[in-house]
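The structure is shown first, and the description follows.

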Amino acid sequence: MSAAIKHATQNSIALSIADDLDAVNIVIRQKLHSEVSLVNQIAEYIISAGGKRIRPVLVVLVANAYAYRGTAHHELAAVVEFIHTATLLHDDVVDESSMRRGRQTANALFGNAASVLVGDFLYSRAFQMMVGLDNMRVMQILSDATNVIAEGEVLQLLNMHDPDVSQERYLQVIRSKTAKLFEAAAQLGALIAGAADDEIEAAAEYGRSLGTAFQLIDDVLDYAGDATETGKNVGDDLREGKPTLPLIYLMENGTPEQRALVRSCIEQGDEQHFDAILAAITSSGALDFTRRQAEIAAQRAANAVSGLPASDFKQSLLQLCAFAVDRNH
């Protein structure tokens with residue numbers, strides 16, 4: 001898919017919910033406010049960095065696909081974005097990352113302590129907002145999601161510098177750390193619109209599978225992406241000692257020499273052999289394999305919403321499935 005087509009796809013999705021996204025941004029700005037200036041400064045810094053805002057988009061698209069008429073989906077979309085932003089602040093501290101979305105991370109600019117504490121502020125503000133909606137099932141979905149995400153973070157920490165991580169163990173990290181909030185976002189959109197239980201579960205499957213596809217393509221882009229496009233340093237996963245799916249595939253299918261190199265690099269967090277690792281990943285078919293797994297997940301997501309009535313919103317949900325695997329950032 002060409003860059004122009006990708007841009008057109010994103011624009012058409014945003015256009016279908018433009019008024020809703022404007023309303024979500026108003027909620028975000030209102031709810032970011034704190035009496036503590038540093039909280040405002042850091043929260044504004046990371047929120048204004050942009051990003052694809054996929055998770056709040058999911059809340060809005062799914063709610064509209066079920067013909068929701070109201071404004072609670074704007075509040076929920078903002079809640080989901082705050083939870084996501086909090087995880088980014090904490091992730092970058094844990095990973096010692098210095099670049100995200102093409103600029104310095106908050107921890108690089110303001111320090112680790114301030115980033116962690118502002119992440120805590122965003123988490124707690126999100127819970128204040130969801131309590132205000134006075135819907136116990138909303139609270140259950142989001143509290144379960146944040147707990148699972150935290151477990152995923154710890155599991156990823158345990159996997160760091162471990163070259164023997166299996167595909168299943170790694171996919172468990174993806175399901176917990178990334179896909180869970182996609183799942184919750186889509187669930188909330190269906191729930192707030194009054195969808196039936198089986199429809200809410202279908203929305204959950206859509207979000208879960210879409211989130212998996214997004215993360216797997218992120219894994220590919222960490223080795224085959226362009227830093228100017230991805231907004232992060234290529235090779236970060238290797239530097240951090242993260243055994244993502246391309247490396248796991250190479251460990252399982254590479255030559256003895258390739259496996260020895262991967263083992264050493266994961267254990268040491270050694271990126272000085274990045275070119276050799278990239279050549280091995282490419283020649284072994286690891287990137288093609290990872291991309292194929294993303295395509296399978298994206299198709300599973302598309303199947304989950306196939307029963308929705310025809311609408312621009314359903315079409316946008318299907319376009320997101322294509323975008324998830326065809327993007328370069």
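A residue is called buried when its relative accessible area is under 20%, exposed when that area is over 50%, and partly exposed in between. The model described here is predicted. In it, K180 has a relative accessible area of 18%, so K180 counts as buried. E183 is also buried, at 8%.

**Salt bridges**

The whole structure holds 19 salt bridges.

| Pair | Distance |
|---|---|
| R263 and D164 | 2.7 Å |
| K180 and E183 | 3.1 Å |
| E295 and R292 | 3.4 Å |

R263 in helix α14 and D164 in the loop between α8 and α9 are 99 residues apart, so this pair links distant parts of the chain. R263 is partly exposed, with 30% relative accessibility. K180 and E183 sit 3 residues apart in helix α9, about one turn of the helix. E295 and R292 are likewise 3 residues apart, in helix α16. E295 is partly exposed at 33%, and R292 is partly exposed at 45%. Through shared partners, salt bridges join K180, E183, E201, E205, R208 and R300 into one network.

**Helix α15**

The axes of α13 (residues 245–253) and α15 (residues 274–284) come within 10 Å and cross at roughly 75°, which means that α13 is roughly perpendicular to α15. The residues of this contact comprise 7 nonpolar, 1 polar and no charged.

F274, I277, A280, I281 and S284 of α15 are buried. These buried residues fall within an arc of 130° seen down the axis, so they line one face of the helix. On the other side of α15, D275 and S283 are exposed.

Definitions and conventions. Residues numbered from 1 in each chain as written. Predicted model: local features only at pLDDT ≥ 70, side-chain atom pairs only at ≥ 80, totals over all residues. Heavy atoms only, no water. Axes fitted to C-alpha atoms, helices over the stretch in contact; angles between N-to-C directions. Helix = DSSP H or I, 4+ residues; strand = E, 2+ residues; numbered from the N terminus. Parallel < 35°, antiparallel > 145°, perpendicular 65-115°, else oblique. Nonpolar A, V, L, I, M, F, W, Y, C, P; charged D, E, K, R; others polar. Buried < 20%, exposed > 50% of the residue type's maximum accessible area, 1.4 Å probe, protein only. Arc of directions from axis to C-beta. Salt bridge = Lys/Arg side-chain N within 4 Å of Asp/Glu carboxyl O.
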